[in-house]
Amino acid sequence: MFTGPIDMPLRAKSDGGGHPGDGKRASMDRSLPTTRGESMSSLTLLSRSRSDRHLSRALTLLLLVGAAAASVSPSPASAQAPTQTAPRASPQESRGPGFVNYDVRLTADDTGGSWHGGMSVRFVNTTGVVLDTIWLRLWGNGEDGCAAPAVRVTRLSGGTAGDPAVGCTALPVRMAHPLRPGQPALVRFDLHIAVPDRDARFGHNGPYYLLGHALPVLAVHDGKGWHLDSYSTGGESNFSLTADWTVRLDHPRALAIPATGSAVARPARPGRTLTTIAAKRVRDFAFAAGPFGKREALTRHGVLVRLWFADDVSAAEVDDTLSGAVEYMDTFAGWFGRYPYPEVDLVSSHFDWGSMEYPTYVATYPARTAVAHELAHQWWYGLVGNDQYADPWLDEAIAEYAKQRATGDENPLCADPFWPSPDAKVTSGMDYFNANGGYSLVVYLLGSCLMHDLERTMGPDRWLAFLRDYATAHRYGVSTPVAFRAEAQAASPVDLAPVFHRWRAS
Ligand SMILES: [Zn+2]
């Protein structure tokens with residue numbers, strides 16, 4: 001997620017104020033992260049970032065970006081879809097369920113705001129222990145909870161649904177028979193989705209409906225048991241493993257359907273379209289519905305970039321967002337390794353709430369900083385997963401660092417750190433930040449300083465080689481703090497302990 005904590009003054013300066021919506025985008029409200037207690041920190045950041053003293057550093061970063069981009073050699077995207085393989089974890093850390101196939105069939109009402117149908121979940125018990133119960137996460141209920149559940153599961157077969165838990169974001173399914181390690185299973189249910197009436201990542205703005213985290217996913221079980229953490233409004237609590245998805249959506253012909261994966265649309269009954277979407281080895285599935293405009297472009301690496309835009313996005317913003325997306329996809333492929341999917345979709349509007357990453361799909365406001373941050377998540381969160389509740393820094397700090405490196409956006413905190421409290425750490429979890437605030441300041445900004453410091457300490461070439469190797473080794477898997485620190489150290493001739501200590505990431 002990205003709420004733009006420090007880029008507002010710089011962007012207002014560079015944009016020249018010529019685009020519709022600039023006033024709204026540069027407003028203070030817009031820049032304030034939604035996690036409780038962050039207002040003061042953000043104001044501090046805003047006042048600090050008005051200084052020009054770091055412009056030379058920003059220019060240096062821009063030159064670095066140019067040099068890195070120039071070193072990327074074009075190669076065609078693989079025509080082969082990623083295929084599922086056995087998890088990499090050792091037996092005592094085995095995560096699961098694995099080899100998951102989600103099959104979803106939904107029919108929309110006339111607006112795209114209400115969807116009904118069915119879903120099946122095939123999986124294998126890869127956890128190494130007997131499971132008598134599995135858990136589904138219904139993250140779409142995170143905001144409104146059990147009072148007004150936006151996502152409902154009914155008529156479940158293949159097990160017995162228990163009482164919803166964790167604010168109706170978790171549904172236990174007791175299996176008909178205990179599931180032995182290696183045993184496959186199938187659960188089916190009817191699914192009902194009512195998109196909440198708010199401008200949000202799961203919500204709508206007029207006729208544009210966003211269905212982020214609307215589809216149920218399996219919870220993760222590992223050596224710590226089931227991960228059943230609570231929803232975080234100002235960040236992410238999600239933790240899921242890669243899976244194959246087939247999603248069939250019956251919807252009004254007037255609605256475009258941006259989505260994770262690759263879609264094929266064909267006419268259905270009068271006035272309706274049946275869109276079938278396949279997505280291989282992705283850890284979540286998001287889509288949108290609305291009268292979006294569409295533009296496409298191809299990256300130098302052969303990835304199709306689709307930009308879907310609402311009617312509040314100007315023609316100049318469409319051009320800038322699309323060209324930025326193409327540039328950053330190539331830049332990040334050069335830094336972090338090949339993007340293995342055939343396409344990436346961007347849904348753009350002047351969202352009040354920020355922007356948000358999903359596998360092969362982002363919802364973003366039309367600004368290059370937001371686009372760069374969310375596309376960096378395609379590697380950090382999308383390809384290389386992490387427990388976003390326990391270790392949000394493993395994706396957010398790197399995505400923010402990558403954004404700053406790619407756009408030249410300055411981060412004045414790196415030279416002049418400000419910590420909101422003595423116990424705040426870059427490596428703190430959402431439990432800490434939900435209670436104490438400081439999430440964007442600590443994880444995004446100070447966390448990105450950790451990455452800049454590691455780059456400076458290891459040297460840019462060695463650092464980028466490490467990130468590329470790490471992203472390759474953990475592709476489709478899960479990154480952990482222990483693995484990140486150990487593998488960075490193994491790639492460095494210099495002791496990195498002081499760097500991790502300096503940025504409270506030991
Ligand atoms: Zn983010």
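Predicted model: local features only at pLDDT ≥ 70, side-chain atom pairs only at ≥ 80, totals over all residues.
Local features require pLDDT of at least 70 and side-chain atom pairs count only at pLDDT 80 or more, whereas totals for chains, interfaces and linings use all residues. Residues are numbered from 1 along each chain as its sequence is written, and side-chain values use heavy atoms, without hydrogens or water.

The protein contains 13 helices and 21 strands (DSSP runs numbered from the N terminus; helices are H or I of at least four residues, strands E of at least two). Of its 506 residues, 60% are buried (under 20% relative accessible area, 1.4 Å probe, protein chains only). Among contacts with a separation of 6 or more, 72% join residues 24 or more positions apart (contact: heavy atoms within 4.5 Å).

Four strands form an open sheet in the order 5-6-3-10, with antiparallel pairing (pairing requires at least two DSSP bridges between two strands). Strand 5 (159–161) and strand 10 (217–218) are the edges, each pairing on one side only. Strand 5 pairs with strand 6 (residues 170–179) over three bridges, in the antiparallel sense. Thr160 has Arg174 of strand 6 as its bridge partner.

The zinc ion is coordinated at 2.0 to 2.8 Å by Met1 (N), Met1 (O), His373 (NE2), His377 (NE2), Glu396 (OE) and Glu396 (OE) (donors: N, O and S atoms within 2.8 Å of the metal, or 3.2 Å for Na, K and Ca; water is not among the atoms, so sites may look incomplete). His373 lies in helix 7 (residues 368–376) and Glu396 in helix 8 (residues 393–407), 23 residues apart. Both His373 and Glu396 are buried. The donor spacing in sequence is M-x371-H-x3-H-x18-E.

Definitions and conventions:
Buried < 20%, exposed > 50% of the residue type's maximum accessible area, 1.4 Å probe, protein only.
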